[in-house]
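Hi everyone, thanks for coming.

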Amino acid sequence: MHVLVTGAAGFIGYHLTARLLAHGHSVVGIDNCNDYYDVQLKKDRLTQLAALPQAGNFRFELLDMADGPKMAALFAREGFSHVVNLAAQAGVRYSLINPESYLSANLVGFGHILEGCRQNKVGHLLFASSSSVYGLNTAQPYSVRHNVDHPVSLYAATKKSNELMAHAYSHLYGIPCTGLRFFTVYGPWGRPDMALHLFTTAIVRGEPIKVFNQGHMRRDFTYIDDIVEGVVRLLPLAPGPDPTFDPAAPDAATSSAPWRIYNIGNNHTVELNDFIATLEDALGMKARKEMLPMQPGDVQATWADINDLSALTGFSPATPLREGIARFVEWYKEYYNV
């Protein structure tokens with residue numbers, strides 16, 4: 001495969017690119033390397049990719065997806081067989097204070113991805129959605145067949161918009177599209193704005209951690225290697241129209257177009273207080289906790305129903321939280337020399 005990975009300097013993009021290269025594929029990675037979080041971490045991920053034995057099959061371009069002409073030129077020049085769109089303005093809470101960045105990256109940028117796929121007949125587009133799209137829905141576990149019309153953050157709304165935009169392009173132009181709703185991804189090289197990284201930094205510095213909703217929120221924490229495994233298994237499985245699709249009673253996860261939605265999660269929900277206790281064990285240190293109320297835009301709990309993913313690929317994420325956190329702490333201590 002000749003694969004475009006957007007957001008290649010990001011957390012998931014870095015790990016996916018390394019896996020694709022290890023499997024013998026050629027990869028072009030793009031990223032705008034914005035300063036939403038530490039740019040040096042992004043540069044260091046790229047340095048790791050450049051040092052891989054398969055680095056000759058990888059090329060990185062500093063490129064913003066919102067730049068339509070440059071994106072069109074990239075697609076025309078490269079002739080990608082597959083595209084994995086992981087680039088986005090991430091973060092629920094940040095969308096409350098800087099909504100413009102979400103419109104530019106997550107809507108305009110994704111529109112350029114869809115146009116590139118249409119104009120150049122890409123064989124399969126996989127794109128990152130999010131568990132955030134489930135919004136006010138409280139039915140657990142979250143199923144891809146549930147209604148997701150009630151987002152509680154602009155970030156979630158842009159991810160739901162991506163699913164709808166992809167469906168329209170799939171219906172109109174026959175582009176095979178697969179949307180992936182990721183659930184609370186964590187692991188080595190993770191984002192500094194995510195809870196695991198924030199908590200670890202505060203604990204090792206002896207600073208208090210901010211524990212929202214008194215620690216009673218629950219999340220389906222999913223280890224990065226499991227996320228990547230799911231993506232890699234789905235990549236060659238371009239969807240076709242669902243022959244059983246009934247427009248009189250439409251299934252939210254399938255279509256008469258070559259379009260599908262899957263959850264990728266650990267299929268196990270953990271209370272935040274238990275997550276913190278597991279981190280404390282891995283660090284051998286106790287956290288000082290600042291108990292706070294629920295944040296605007298947050299949801300009480302996430303829990304992924306992964307039956308569709310498992311049925312198609314034979315894979316179910318299963319890395320235990322204790323093991324995944326231990327691997328993160330090992331990386332953290334080495335990277336930050338603590």
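This is a predicted model: local features need pLDDT of at least 70, side-chain atom pairs count only at pLDDT 80 or more; totals for chains, interfaces and linings use all residues.

Find Arg-145 and Asp-308. Their side chains form a salt bridge with an N to O distance of 2.8 Å. Arg-145 is in the loop between strand 5 (124-130) and helix 5 (154-173), while Asp-308 belongs to helix 9 (residues 307-313), so this pair ties together parts that are 163 residues apart in sequence. And how accessible are the two ends? Arg-145 is partly exposed, with a relative accessible area of 41%, and Asp-308, at 24%, also counts as partly exposed.

The next pair is Arg-322 with Asp-281, where the salt bridge is 3.4 Å from N to O. Here Arg-322 comes from helix 10 (residues 321-336) and Asp-281 from helix 8 (residues 272-283), so distant parts of the chain, 41 residues apart, are linked. There is also a network: Arg-59, Glu-61, Arg-77 and Glu-78 are joined by salt bridges that share partners.

While we are in that loop between strand 5 and helix 5, have a look at Ser-132, which is placed there too. Is Ser-132 buried or exposed? It counts as buried, because its relative accessibility is 16% and the cut-off for buried is under 20%. Beyond residues up to four places away in sequence, Ser-132 touches Val-92, Tyr-155 and Ala-156.

On to helix packing. Two packed helices are described by the angle between their axes and the distance between the axes. Let's do that for two pairs.

First up, helix 1 (residues 11-22) and helix 7 (residues 224-234). Their axes come within 10 Å and cross at roughly 60°. That makes helix 1 oblique to helix 7, and the crossing is right-handed. Which residues meet there? On the helix 1 side you have Phe-11, Ile-12, His-15, Leu-16, Arg-19 and Leu-20, and on the helix 7 side Ile-224, Asp-225, Ile-227, Val-228, Glu-229, Val-231 and Val-232. Sorted by class, that contact has nine nonpolar residues, one polar and three charged.

Helix 7 itself is mostly covered, with nine of its eleven residues buried. Among the buried ones are Asp-226, Glu-229 and Gly-230.

From helix 1, I'd like to pick out His-15. It counts as buried, because its relative accessibility is 15%. Setting aside residues up to four places away in sequence, His-15 touches Ile-224, Asp-225 and Val-228, and also Pro-188 and Trp-189.

Helix 3 brings Gly-68, Met-71, Phe-75 and Ala-76, and they meet His-112, Ile-113, Gly-116, Cys-117 and Asn-120 of helix 4. In this contact five residues are nonpolar and four are polar, with no charged residues.

One last stop: Ile-203, in helix 6 (residues 195-205). This residue is buried, with a relative accessible area of 3%. What does Ile-203 contact, leaving aside its neighbours within four places in sequence? The partners are Ile-209, Leu-279, Leu-283, Met-285, Lys-286 and Ala-287. For a sense of distance, go back to Arg-77 from the salt-bridge network. Ile-203 and Arg-77 are 126 residues apart along the chain, and their C-alpha atoms are separated by 48 Å.

That's my tour, so over to you for questions!

Technical notes
Residues are numbered from 1 along each chain as its sequence is written. Side-chain values use heavy atoms; hydrogens and water are left out. Contact means heavy atoms within 4.5 Å. Helices (H or I, at least four residues) and strands (E, at least two) are DSSP runs, numbered from the N terminus. Ala, Val, Leu, Ile, Met, Phe, Trp, Tyr, Cys and Pro count as nonpolar, Asp, Glu, Lys and Arg as charged, and the others, Gly among them, as polar. Buried means under 20% relative accessible area, exposed over 50%, partly exposed in between (1.4 Å probe, protein chains only). Axes are lines fitted to C-alpha atoms, for helices over the stretch in contact, and angles run from 0 to 180 degrees between N-to-C directions. Angles under 35 degrees count as roughly parallel, over 145 as roughly antiparallel, 65 to 115 as roughly perpendicular and the rest as oblique. A crossing is left-handed if the near helix is turned anticlockwise from the far one by less than a right angle, and right-handed if clockwise. A salt bridge is a side-chain nitrogen of Lys or Arg within 4 Å of a carboxyl oxygen of Asp or Glu.
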